[in-house]
Structures are given as C-alpha cells and as structure tokens.
Amino acid sequence: SSSRLFSTTDSNIIVAVRKRPMSEKERQKKDHDSVSCYHPKVWIHSAKLKVDGITKYLTHNGFQFDHAFGEDATTDQIYLATTMPLVDYVVST
C-alpha cells in the first residue's frame, strides 16, 4: 500500500525528526552545532571535559528513525515523505 512506501518498517507508525537551524543567538554565543542528520540517522555530539578538567573531547551518539530531515529540508520534502502517504491512504479508503 502507499502508506508503506516511505516507511523502513512494516509498522503503521513512522517516526520522523527534523533538525532546526541554529538560532542567531546560538551563533552569537559561538555554540557548537550539536546535531547532524544523515538520513535515517541523527547524531548528537556532546562536548565533554576529561577528568583532568582541561582536555576537551566530543562524544557521538546515533539514533535511527524512519526519516531524519536536516535543517535544509523543505516543508515539501517532509510532506512528501511523511504526510502524503497518509493522505493518500485516507482518501482511498
């Protein structure tokens, strides 16, 4: 069925995430961009200090979703992947 076209599983439920762009305030504070989206994975980068309290390092934790949209994804792209199959299913039943 069309509702399963874009899902990576046989489930009727999909989980989609969208990364928001960094805000101007975050850029001014020189915050680091702590999220990367590589469909279907999202990576969270956490800045940490070693026990010595001086040495900095990053940890990276990945999470997999049915859809992962980066900050450059358009609303149309998100609609086509997540909502259109649902609308098609509802209209056809």
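Two strands pair if DSSP finds at least two bridges between them. Strands (E, at least two residues) and helices (H or I, at least four) are DSSP runs, numbered from the N terminus. By these rules, S2 and strand S3 (residues 41-49) are joined by 4 bridges and run antiparallel. This is a predicted model, in which local features need pLDDT of at least 70, side-chain atom pairs count only at pLDDT 80 or more, and totals for chains, interfaces and linings use all residues. Residues are numbered from 1 along each chain as its sequence is written, and side-chain values use heavy atoms, with hydrogens and water left out.

**Confidence**

- The average pLDDT of the protein chain is 88, and 88% of the residues score at least 70; pLDDT is the predictor's confidence in each residue, from 0 to 100.
- Residues 1-7 have a pLDDT below 50, and this stretch has 14 contacts in the model beyond near neighbours in sequence; contact means heavy atoms within 4.5 Å.
- Where pLDDT is low, the predicted coordinates should not be read in detail.

**The sheet**

- Strands of a sheet pair through backbone hydrogen bonds, either parallel or antiparallel.
- Here 3 strands form an open sheet with antiparallel pairing, in the order S2-S3-S4.
- Strand S2 (35-38) and strand S4 (56-64) are at the edges and have a single partner strand each, so one side of each lacks a neighbour in the sheet.
- On average, neighbouring strands of this sheet are turned by 25° against each other, direction ignored; the axes are lines fitted to C-alpha atoms, for helices over the stretch in contact, and angles run from 0 to 180 degrees between N-to-C directions.
- S2 is connected to S3 by a hairpin through 2 residues.
- Across from Val 35 stands Ile 44 in S3, while Cys 37 has Val 42 in S3 as its bridge partner.

**Salt bridges**

- Side chains of opposite charge can pair when their charged atoms come close.
- The whole structure contains 5 salt bridges, where a salt bridge is a side-chain nitrogen of Lys or Arg within 4 Å of a carboxyl oxygen of Asp or Glu.
- Arg 20 and Glu 26 form a salt bridge, with 2.8 Å between the closest N and O atoms.
- Arg 20 is exposed, at 51% relative accessible area; buried means under 20%, exposed over 50%, and partly exposed in between (1.4 Å probe, protein chains only).
- A salt bridge also links the side chains of Arg 27 and Glu 24, at 3.6 Å from N to O.
- Both Arg 27 and Glu 24 belong to helix H1 (residues 24-28), where they are 3 residues apart, about one turn of the helix.
- Arg 27 is partly exposed at 45% relative accessibility, and Glu 24 is partly exposed at 48%.
- In the salt bridge of Lys 29 with Asp 31, the closest N and O atoms are 3.8 Å apart.
- Lys 29 is exposed at 55% relative accessible area, whereas Asp 31 is partly exposed at 34%.
- A network of salt bridges links Lys 19, Asp 33 and Glu 71.

**Ile 14**

- Ile 14 lies in the segment before strand S1 (16-18) and is partly exposed, with a relative accessible area of 28%.
- Ile 14 and Asp 66 are 52 residues apart along the chain, and their C-alpha atoms are separated by 5.8 Å.
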